[in-house]
Amino acid sequence: MKLDAKALRYMSSEDFRVLTAVEMGSKNHEVVPSSLIAQIAQLRHGGAHKLVGDLAKRKLIARVQNMSYDGYRLTYGGYDYLALKTFAKRGTVYSVGNQIGVGKESDIYLVADEDDNQHVLKLQRLGRMSFRTIKSKRDYLQKRKSASWMYMSRLAAMKEYAFMKVLYENGFPVPEPIDQSRHCVVMGLIDAFPLRQIEEIGNPGKLYSELMSMIVKLAQYGLIHGDFNEFNILIKSDGSPVLIDFPQMVSTSHMNAEYYFNRDVECIRVFFRRRFGYESALYPRFTHDVNREFSLDVQVAASGFSKKMQKELEDYQEEIKDMSSDEDEDDDDSDEEDQDDKEQQPTKDDIPEMTEEEKMEEKMRNIRLGNTEPTSEEEESEEEAESSEEDSDEEEEVDEETELARRSEKIEKLNNRDYKAHRDVKPKKSIKKSGTTTAAAKEEAVKNKVARALKSQTNKQNVKNTRGNNLKNKGKRRDKADCKGGGIFD
């Protein structure tokens, strides 16, 4: 969902207390009960209920249907507001601008602080693209009960901020890390373009060597980017590259470190060959060119992003890869099944030809059922009939087949969608009329006639009584009026 910060200025402290209560309750409840929200927020039940309703209208929280109790869950909109409130208290974010980028599982906005310094706000949206796939295959939350999409987004933001801070302090060309809260990261704004948007470059060999040197230098410091491609590289006006997006970064001590390193190298080689037509025989290899000199991965762990968090985030990423691969396999299987079905379908040559009697019966059946869509054989017969009519206008005798074709042509001109076929119409119940009625039926008819006469007579009597009562009451009211006005003594 898009970030709409207009309602942020109108929210009170009690609204944020309710939002915080829903966030705290989400640690142990997938759907937080309303009573628990009021208890954590320390508000009266009536006041909390009203605030919860207002927040639900703004789509900051969502009510879950078909639950055994009344409960709500926190949405990404409410999570965004909690993070922005924290940034506003710290003085990091004062205003929110336009959206300048959309990632596969992130949104990027332009923000400014109190001194009008522009920064970049990145909001993690993990689960946005893969939620339906994982839910259709298996329940991710059932496997890890303490995890949720927002928790994984928070871990991704923490990891990105920790790695960005360590790399920035050690002189790597990365954005300046400014602040981090929940699933949001605030970083410095860089005036550059993504590498994927650049069509031509003056010296592709120089940029190629700089990127390969950056991959080797990262590995020498104990880190591998894991997603080093044209989408995560920015090019400044002077041609220097800037590296962004670090949730995929792993340590060189990782069990799959060599695979990630070689994949980063291959991504750059393939892109330069396709986009700029440049291919070099020289490229780094993990076993020959990587000599670990520093341990930035240890500094990242010391900054607060523990190995346990790293393991949970890696498990999530592997889960996403498995789900996407399974989905691709299912698509391939479905394509193969469609191909087999096409092969198994009989061709026009395999279908035996119908005799004249069978064709006649089929046409009569279609007319009777209201099926006016012509078959291929009927179209051919119509074309033959038209051609025969043009060629032989002088013939007066018309055979039975041609007459039937003309009738079917008249029926086809009608719009059959406005009518119902014979098989679609419900048959009406036929009432058999017998010439002689039984004595019981005669007796029943006499009883009904007498009952109707008595009922009409009773209604007439009731009407007379009502009129008499009205006249009597009218006379009494007139006498009372005369008494009050003193008219009877005049």
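**Exercise 1. Find what share of the residues in this predicted model counts as buried.**

Solution. Start with the chain length: the protein chain has 490 residues. Of these, 36% count as buried.

**Exercise 2. Describe the make-up of the protein chain in helices, strands and contacts.**

Solution. Begin with the elements: there are 16 helices and 13 strands. Then take the contacts with a separation of 6 or more: residues 24 or more positions apart account for 67% of them.

**Exercise 3. Classify the ring pair of Tyr259 and Tyr260 as stacked, edge-to-face or tilted.**

Solution. First check the distance: rings pair if their centres lie within 6.5 Å. Eight aromatic pairs are counted by this rule. The centres of Tyr259 and Tyr260 are 5.5 Å apart and their planes stand at 55°, so this pair is tilted.

Now decide whether Tyr260 is buried or exposed. Buried means under 20% relative accessible area. Tyr260 has 8%, so Tyr260 is buried.

**Exercise 4. Name the residues of the aromatic cluster that includes Tyr208.**

Solution. Look for Tyr208 together with Phe271, Phe272, Phe276 and Tyr278: these residues form one aromatic cluster.

**Exercise 5. Which arginines lie over the ring of Tyr283?**

Solution. Take Arg269: its charged end sits over the ring, 4.0 Å from the centre. Then take Arg285, which lies over the face of Tyr283 at 4.4 Å from the ring centre.

Terms used. Residues are numbered from 1 along each chain as its sequence is written. This is a predicted model: local features need pLDDT of at least 70, side-chain atom pairs count only at pLDDT 80 or more; totals for chains, interfaces and linings use all residues. Side-chain values use heavy atoms; hydrogens and water are left out. Rings of Phe, Tyr and Trp (its six-membered ring) pair if their centres lie within 6.5 Å; planes under 30 degrees apart count as stacked, over 60 as edge-to-face and the rest as tilted. Buried means under 20% relative accessible area, exposed over 50%, partly exposed in between (1.4 Å probe, protein chains only). A charge sits over a ring if NZ of Lys or CZ of Arg is within 6 Å of the ring centre and within 35 degrees of the ring normal. Helices (H or I, at least four residues) and strands (E, at least two) are DSSP runs, numbered from the N terminus. Contact means heavy atoms within 4.5 Å.
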